[in-house]
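Here is a briefing on a predicted model. Please read it with the coordinates open.

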Amino acid sequence: MLRRRKGSEPEKSSGGDSKDQREDGSKKEKEKEKGKLKSTRKWSCIDNCCWFVGCICSIWWFLLFLFNAMPASFPQYVTEAITGPLPDPPGVKLRKEGLTVNHPVVFVPGIVTGGLELWEGHQCADGLFRKRLWGGTFGEVYKRPLCWVEHMSLDNETGLDPPGIRIRPVSGLVAADYFAPGYFVWAVLIANLARIGYEEKTMYMAAYDWRISFQNTEVRDQSLSRIKSNIELMVATSGGKKVVVIPHSMGVLYFLHFMKWVEAPAPMGGGGGSGWCAKHIKAVMNIGGPFLGVPKAVSGLFSAEAKDIAVARGIAPGFLDADVFGLQTLQHVMRMTRTWDSTMSMLPKGGDTVWGDLDWSPEAEYSCNPKKQMNNDNKTADQTEKGSLGLKNSVNYGRIISFGKDVAEAHSSRIERLDFRGAVKGKNFANTTCRDIWTEYDDMGIGGVQAVVDYKSYTADSILDLLHFVAPKMMSRGDAHFSYGIADNLDDPKYKHYKYWSNPLETKLPNAPDMEIYSMYGVGIPTERAYVYKLIPGAECYIPFQIDTSADGSSKDTCLKGGVFSVDGDETVPVLSAGFMCAKGWRGKTRFNPSGMQTYIREYDHAPPANLLEGRGTQSGAHVDIMGNFALIEDIIRVAAGAKGKDLGGDRVYSDIFKWSEKINLKL
Amino acid sequence: MASILRFRKLCYVEPVKCSSLGFESFETPKIEKKDDEGAVKAVESTVGEKQKKKSSKRQPREWRCMDYCCLTVGYMCTAWWLLLFLYHCLPAALPGFQVPEAPGARLRREGLTALHPVVLVPGIVTGGLELWEGRPCSEGLFRKRLWGGSFTEIFKRPLCWLEHLTLHNKTGLDPPGIRVRAVPGLVAADYFAPGYFVWAVLIENLARIGYEGKNLYMAAYDWRLSFQNTEIRDQALSRLKSKIELMFVTNGNKKVVVVPHSMGVIYFFHFLKWVESPPPMGGGGGQGWCAKHIKVIMNIGPAFLGVPKAVSNIFSAEGKDVAFVRSMAPGVLDSEILGLQTLEHVMRVCRTWDSIISLIPKGGETIWGNLDWSPEEGYNCDLAKKRYAQPSLLDSNDTNSDGKMEFQIKESVRYGRIISFGKATSQLPSSQLPNLGSKDFLRTSNPTKFNSLCSEVWTEYDEMSRDGIRKIAENKAYTARTFLDLLRFVAPKMMQRAEAQFSHGIADNLDDPKYAHYKYWSNPLEAKLPDAPDMEIYCLYGVGLPTERSYVYKLSPTDRCKSIPFRIDSSAEGSDGGCLKGGVYFVDGDESVPVLSAGFMCAKGWKGRTRFNPSGIATYIREYRHKPPASLFEGRGLESGAHVDIMGNVALIEDVLRVAAGATGAEMGGDRIYSDIMRMSDRINLRL
């Protein structure tokens with residue numbers, strides 16, 4: 001036995017030396033010994049290839065066969081064997097408690113998550129009729145990227161379809177159940193609702209084209225009318241039970257717009273008359289609602305990047321900006337997204353009053369590092385934090401954009417600022433060399449860019465001026481549809497215009513005292529709040545501003561990382577934006593909430609998935625993953641089955657939202 | 001390449017390594033050694049090639065079976081990928097291969113644009129169904145299609161699949177714990193299976209002239225249920241009403257164009273009555289709802305008066321196709337070897353679907369003919385094609401005489417006998433038939449023996465005594481009227497359920513208050529059209545295909561329980577050029593619906609101001625003569641007249657598009673008739 005093993009080893013070792021010779025030798029050998037064989041085959045290169053491919057294919061098919069033959073419950077067994085018995089999904093659990101279908105449910109998807117399909121296109125989009133351009137596999141992005149960008153862009157002037165192209169939202173639950181294969185958005189919630197008896201007739205996905213401004217969805221597609229008609233139908237067919245509306249992300253603003261629209265008189269509104277909401281809506285359960293906008297939208301519009309892209313750039317500098325392939329990815333992205341009016345609905349609203357000015361911000365005392373303890377533990381950690389506050393410089397979150405790290409941290413009196421508003425935009429001499437990609441930066445010239453930098457730091461108010469300066473055309477479109485201020489007098493007739501309807505600080509809630517509003521969002525994840533920018537010198541053809549990824553905070557527990565100041569939130573929406581209206585703006589009977597409807601805050605502390613088998617986690621607090629959070633689903637099902645806010649236990653708060661809201665000085 | 005080579009070598013070296021390692025760890029006693037040695041030799045023989053240089057004692061490597069397999073697979077895969085790659089690189093339109101222009105594109109150039117919103121109403125079978133709640137065996141199928149799509153579940157878990165598609169035997173609704181619902185939206189019936197279009201072509205052409213989601217709506221419903229139950233369970237009719245009202249308002253008060261297909265035609269007919277009826281039973285739209293909201297109904301392949309296919313399906317769960325298969329391979333379908341009992345299962349499931357009952361021929365002997373007479377007699381199966389080719393002038397001259405002559409010479413087919421037992425029976429004059437009234441056998445035998453052995457697959461046949469079955473066969477021939485009695489006898493429970501939902505007669509007095517009940521709403525002979533003088537009704541259907549009209553049956557040879565005691569006698573063949581083939585008498589139609597059923601209402605029943613059409617709604621008949629696809633490239637044909645393929649018929653699509661863009665029937669050129677529908681309708685003696 002031993003001898004044999006020994007014998008094989010030298011053979012092996014010698015095998016590495018001269019393969020080809022041995023290969024040839026083998027053939028000779030074959031010919032010599034096996035003369036009976038009619039024709040001796042040769043292992044040619046192609047044969048080897050095919051043999052290899054064949055092996056792989058056969059194995060693949062075999063595995064596929066095994067996979068298909070596997071009982072469907074097998075993965076669950078494995079999971080349970082490893083992690084112990086899983087908790088019942090909330091739908092099963094609550095069904096055992098005896099909950100059944102009661103109120104019809106309306107889902108309002110947010111930005112980006114809804115599918116879009118092609119109804120009419122240019123030559124290059126042949127064969128894509130009624131195929132998804134957005135959502136699904138995104139196969140076309142790789143196959144014909146320029147064609148794709150062309151079709152996804154809207155008209156620069158009108159914000160509607162470009163001539164000859166019609167992209168329309170996918171309708172039905174499939175519109176946003178999965179964003180891409182395997183990446184759920186609403187699917188988990190739908191599945192759990194189905195367990196207690198919901199089905200197509202009692203669930204409605206209010207799909208709309210999330211690229212265009214809210215009022216334009218009505219003008220072009222009559223989306224708002226459809227929602228109204230469907231809600232009325234569902235209320236009628238389920239015996240007068242009011243609907244529970246569940247908007248997510250930008251859908252929150254969209255539905256706010258809807259509630260104003262539906263009660264407004266006919267030409268501009270839906271003509272439902274006052275009392276429509278009271279009659280048809282039981283509760284609005286906002287998930288991760290950016291009521292007051294998100295700072296991410298600022299960086300998105302300003303330089304077509306966010307934290308993720310800034311990180312990618314930090315890791316592989318030059319790749320995204322490379323002109324090598326003629327890609328100019330970011331420029332294309334910017335050109336495309338700037339035609340989407342809806343992104344402007346998410347710019348921070350409420351100006352300096354809400355988001356803070358140069359020196360003050362409501363979240364100023366927030367400390368990034370011990371965040372986890374603070375969220376989980378009790379007040380003691382909080383107190384010690386306050387003690388250490390004196391020593392440390394608090395972050396100037398109010399400066400949403402600052403040029404240079406020093407500017408971001410310096411006291412306001414020490415910043416010299418030159419007003420950019422009057423600056424003359426030079427004609428860009430290099431315009432012709434910039435290929436065919438047009439962003440409005442090409443019109444600015446060097447003078448204009450420099451003027452922007454000289455202003456040093458921008459607060460929520462001046463951000464708007466800045467965007468007006470760098471992208472006048474886009475903002476003139478946006479101004480017709482959205483407004484970002486705070487109303488002094490809500491009864492002013494000008495607030496009847498639809499552009500104010502999606503801003504909670506410039507509209508009143510409908511007169512529906514029995515209605516309930518929930519704000520449900522995740523906390524415990526660092527969320528973008530303010531940015532440190534830098535100027536890219538001499539890059540006429542590029543976007544002239546970039547997040548300065550080299551700007552990192554000094555100490556370990558800093559909020560500044562990679563040029564981004566973070567604050568508590570759900571990775572996209574800061575707590576302030578998601579919670580303020582329910583915590584203070586609408587709490588009790590205020591001028592924004594004249595009928596005094598109940599508001600509740602339900603926060604979900606983020607816990608990352610324990611292991612890989614959990615997928616995206618059942619306790620996640622991230623902006624989209626929260627849709628799979630069991631606690632949130634349970635809350636929704638209970639309300640849909642008839643519970644009121646009090647039955648759920650009222651507020652459930654982990655963050656400092658009430659403290660921060662107190663600091664905001666807003667007339668109520 | 002080198003790396004692959006190396007990898008391959010590695011693969012060959014590996015086994016040796018493994019085996020040697022194995023030996024080491026096993027520390028095998030010597031007894032085992034011999035066996036192992038043999039195994040190792042086999043393995044090593046493959047490795048041997050590598051070492052042959054020095055050790056000529058070893059066998060040279062040989063091509064093993066596995067290698068050849070892998071090689072073949074590899075070749076195929078590579079070739080396949082190459083082709084796939086080429087296919088993807090191919091420009092969409094090959095120069096030289098001219099794709100005929102879509103009618104939508106052509107009409108768009110003519111200046112047609114979207115005007116009236118369009119509602120599509122799919123028929124039976126074509127709509128997708130998905131699972132919302134099921135038994136444990138259906139795990140992982142939540143919101144997956146059980147019906148439509150790829151049907152993979154049939155093969156994976158057939159019994160589970162059947163269980164979920166079955167409805168409750170008593171109520172005709174969901175069985176407890178199972179919820180299967182219709183797929184909503186355009187995807188419900190655009191493609192039935194991948195690549196097999198139903199509405200997709202029409203939708204695409206509508207899109208070309210500007211239609212999109214907001215003015216195009218697919219009224220998907222659960223086609224297994226009776227029509228009124230779709231409202232009770234899913235509120236499908238309410239949804240349809242709400243959607244039509246919404247589209248009417250959001251599209252500038254433009255009335256809708258409704259395009260129902262197949263059973264969707266009677267479903268929508270039901271809707272017309274429902275929507276104007278007062279609330280508890282109806283939709284409460286009030287008088288004039290239809291006049292206000294509906295411009296035109298374009299019925300495609302309408303089964304207004306039912307289809308004989310439904311008869312054979314309910315009676316013995318088979319159609320022409322099944323009978324054909326059985327004659328080709330006798331025993332396969334009936335074999336119990338695999339424990340399949342396919343047909344019995346099919347019958348059990350189908351019989352729980354109320355909607356099939358809606359397709360049983362309506363109007364009794366008045367419409368479908370009695371033992372000796374039928375409206376289609378004189379139809380000549382063989383000459384059908386030739387006659388179509390002739391100009392109509394000549395046609396009208398000689399077919400009358402010709403037909404009569406043939407009538408004298410040749411025994412004309414007695415289509416009125418929808419079911420006859422034995423070929424001879426189907427041809428005898430009625431005087432020679434046994435004079436056993438249908439009422440008789442109803443009285444004679446009450447099922448006494450319940451065979452408990454046959455309880456696993458339950459069809460109502462198991463409850464029948466052998467006596468009863470023999471009696472049925474002795475009665476020899478059944479017409480549309482007596483067939484209903486027959487069904488009541490063989491399937492009392494099903495008919496009890498169904499007769500609460502559907503009616504198949506002819507109304508004497510339409511103002512009788514009993515006709516306010518919903519069971520009459522889907523029968524055009526028992527319901528009035530709504531009061532909407534501006535509305536138009538089209539009957540669009542294919543002609544020129546042999547269509548099942550009546551059947552020759554025989555008793556099943558086997559006496560086993562668990563089998564359906566009757567089957568189509570596929571050995572019954574007519575003489576040359578006869579209409580009888582494989583036990584089935586054929587007549588003109590679109591392969592599923594005979595011309596008579598599709599065209600009669602538009603040709604006569606509703607033409608002008610009749611008692612069925614009190615407001616004088618204009619009706620038009622548009623027939624499309626079937627032409628098989630000229631080449632493989634055409635797929636299912638651009639001029640097909642077949643029941644489903646007609647949805648891809650260019651002429652039909654053009655008609656629909658023109659009407660949707662605002663044309664009226666007069667502008668379209670009125671009737672367009674190839675078949676004998678007018679003459680057949682004239683022969684039917686129905687008080688109007």
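**Helix crossing between chains**

Helix α3 (residues 45–69) of chain A and helix α3 (residues 65–89) of chain B have axes that come within 6 Å and cross at roughly 90°. The model is predicted: local features need pLDDT of at least 70, side-chain atom pairs count only at pLDDT 80 or more, and totals for chains, interfaces and linings use all residues. Residues are numbered from 1 along each chain as its sequence is written, chains are lettered from A and ligands numbered from 1 in the order in which they are written, and side-chain values use heavy atoms, with hydrogens and water left out.

- Axes here are lines fitted to C-alpha atoms, for helices over the stretch in contact, and angles run from 0 to 180 degrees between N-to-C directions.
- Helices (H or I, at least four residues) and strands (E, at least two) are DSSP runs, numbered from the N terminus.
- α3(A) and α3(B) are therefore roughly perpendicular to each other (65 to 115 degrees; under 35 is roughly parallel, over 145 roughly antiparallel, the rest oblique).
- On the α3(A) side, the contact (heavy atoms within 4.5 Å) includes Ile46(A), Trp51(A), Cys57(A) and Trp61(A).
- On the α3(B) side, the contact residues include Asp67(B), Leu71(B), Tyr75(B) and Trp81(B).
- By class, the contact of α3(A) with α3(B) has 13 nonpolar, four polar and two charged residues.
- Ala, Val, Leu, Ile, Met, Phe, Trp, Tyr, Cys and Pro count as nonpolar, Asp, Glu, Lys and Arg as charged, and the others, Gly among them, as polar.
- Cys57(A) is buried, with a relative accessible area of 7% (buried is under 20%, exposed over 50%, partly exposed in between; 1.4 Å probe, protein chains only).

**Disulfides**

- Over all chains there are three disulfides (a pair of cysteine sulfur atoms within 2.5 Å).
- In chain A, Cys124(A) is joined to Cys147(A), S to S 2.1 Å.
- The torsion about their S-S bond is about 80°, so the Cys124(A) and Cys147(A) disulfide is right-handed.
- Cys124(A) sits in the loop between β2 (116–120) and β3 (132–134) of chain A and Cys147(A) in helix α7 (residues 145–152), so the pair ties together parts 23 residues apart in sequence.
- Cys124(A) is partly exposed at 30% relative accessible area, whereas Cys147(A) is buried at 9%.
- In chain B, Cys137(B) is joined to Cys160(B), S to S 2.1 Å.
- That link of Cys137(B) and Cys160(B) is right-handed, with 85° about the S-S bond.
- Cys137(B) lies in the loop between β2 (129–133) and β3 (145–147) of chain B and Cys160(B) in helix α6 (residues 158–165), so parts 23 residues apart in sequence are tied together.
- Cys137(B) is partly exposed at 32%; Cys160(B) is buried at 9%.
- Cys539(B) and Cys602(B) also form a disulfide, with sulfur atoms 2.1 Å apart.
- Its torsion is about 70°, so the Cys539(B) and Cys602(B) disulfide is right-handed.
- This pair links distant parts of the chain: strand β12 (residues 536–543) and helix α23 (residues 595–605) of chain B, with the cysteines 63 residues apart.
- Both Cys539(B) and Cys602(B) are buried.

**Buried side of a helix**

- Helix α22 (residues 472–479) of chain A has buried residues Met474(A), Met475(A), Arg477(A) and Gly478(A).
- They cover an arc of only 155° around the axis, so they are on the same side of α22(A) (the arc is that of the directions from the helix axis to the C-beta atoms).
- The cover over the buried residues of α22(A) includes α13 (295–303) and α21 (460–470) of chain A.
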